Amino acid sequence: MESNDFTKCCQAVEEGAEIYVENLGTHERGRIVFCTGTEFDVRVGGKRQHWGPEGCEEVSSCSESPHKNI
C-alpha cells in the first residue's frame with residue numbers, strides 16, 4: 001500500500017469507517033482498529049496485530065469506505 005493510501009485509510013478509520021485490509025504475506029484479513037504513525041493496528045480473529053502498510057492491501061469489499069471518493 002502506498003503512503004498516501006495509508007494516510008487515507010487512517011483518516012477514514014478516525015472518522016468512524018470500518019476499513020478491512022489483507023496482509024499480503026499471510027493472506028489474513030482484518031479490520032483496522034487504529035493507526036500508529038507507521039502501522040495499522042488490525043483485529044484478526046479476535047486478536048490484535050500490527051501490520052505495516054507496505055505489506056497490506058485494502059480489501060475490495062469495503063468500497064463504501066469514505067476515502068474511496070477522495
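The link of Cys-10 and Cys-35 is left-handed, with -100° about the S-S bond. This disulfide (a pair of cysteine sulfur atoms within 2.5 Å) has an S to S distance of 2.1 Å, and the structure holds one such link. Cys-10 lies in helix α1 (residues 3-14) and Cys-35 in strand β2 (residues 29-35), so the pair ties together parts that are 25 residues apart in sequence. Helices (H or I, at least four residues) and strands (E, at least two) are DSSP runs, numbered from the N terminus. The model is a predicted one, in which local features need pLDDT of at least 70 and side-chain atom pairs count only at pLDDT 80 or more, while totals for chains, interfaces and linings use all residues. Residues are numbered from 1 along each chain as its sequence is written, and side-chain values use heavy atoms, with hydrogens and water left out.

The two partners of the link can also be described by their cover. Cys-10 is buried, at a relative accessible area of 9%, whereas Cys-35 is partly exposed, at 23%. Here buried means under 20% relative accessible area, exposed over 50%, and partly exposed in between (1.4 Å probe, protein chains only). Cys-9, by contrast, is in no disulfide, and the nearest cysteine sulfur, that of Cys-10, is 6.8 Å away. Cys-9 is buried, with a relative accessible area of 1%. Cys-56 is likewise in no disulfide; its nearest cysteine sulfur is that of Cys-9, 9.1 Å away. Cys-56 is buried as well, with a relative accessible area of 2%.

Turning to the fold as a whole, the chain has one helix and five strands, and from the N terminus on the elements run α-β-β-β-β-β. The five strands form an open sheet with the order β4-β3-β2-β1-β5 and antiparallel pairing. The edge strands are β4 and β5 (56-58), each of which pairs on one side only. On average, neighbouring strands of this sheet are turned by 45° against each other, direction ignored. Two strands are taken to pair if DSSP finds at least two bridges between them. Strands of a sheet pair through backbone hydrogen bonds, either parallel or antiparallel.

Asn-23 has Cys-56 in β5 as its bridge partner. Helix α1 packs on the sheet, touching β2, β3 and β5, and its direction makes about 80° with that of β2. For such angles, axes are lines fitted to C-alpha atoms, for helices over the stretch in contact, and angles run from 0 to 180 degrees between N-to-C directions.

Val-44 stands opposite Lys-47 in β4. The hairpin of β3 and β4 has two residues between the strands, and Gly-45 takes a positive phi near 55° there.

Some totals for the chain complete the picture. Buried residues make up 37% of its 70 residues. Among contacts (heavy atoms within 4.5 Å) with a separation of 6 or more, 42% come from residues 24 or more positions apart. The accessible surface comes to about 4,300 Å², of which 44% belongs to carbon and sulfur atoms. Accessible areas come from the Shrake-Rupley method with a 1.4 Å probe, and for residues only the protein chains shown count as cover.
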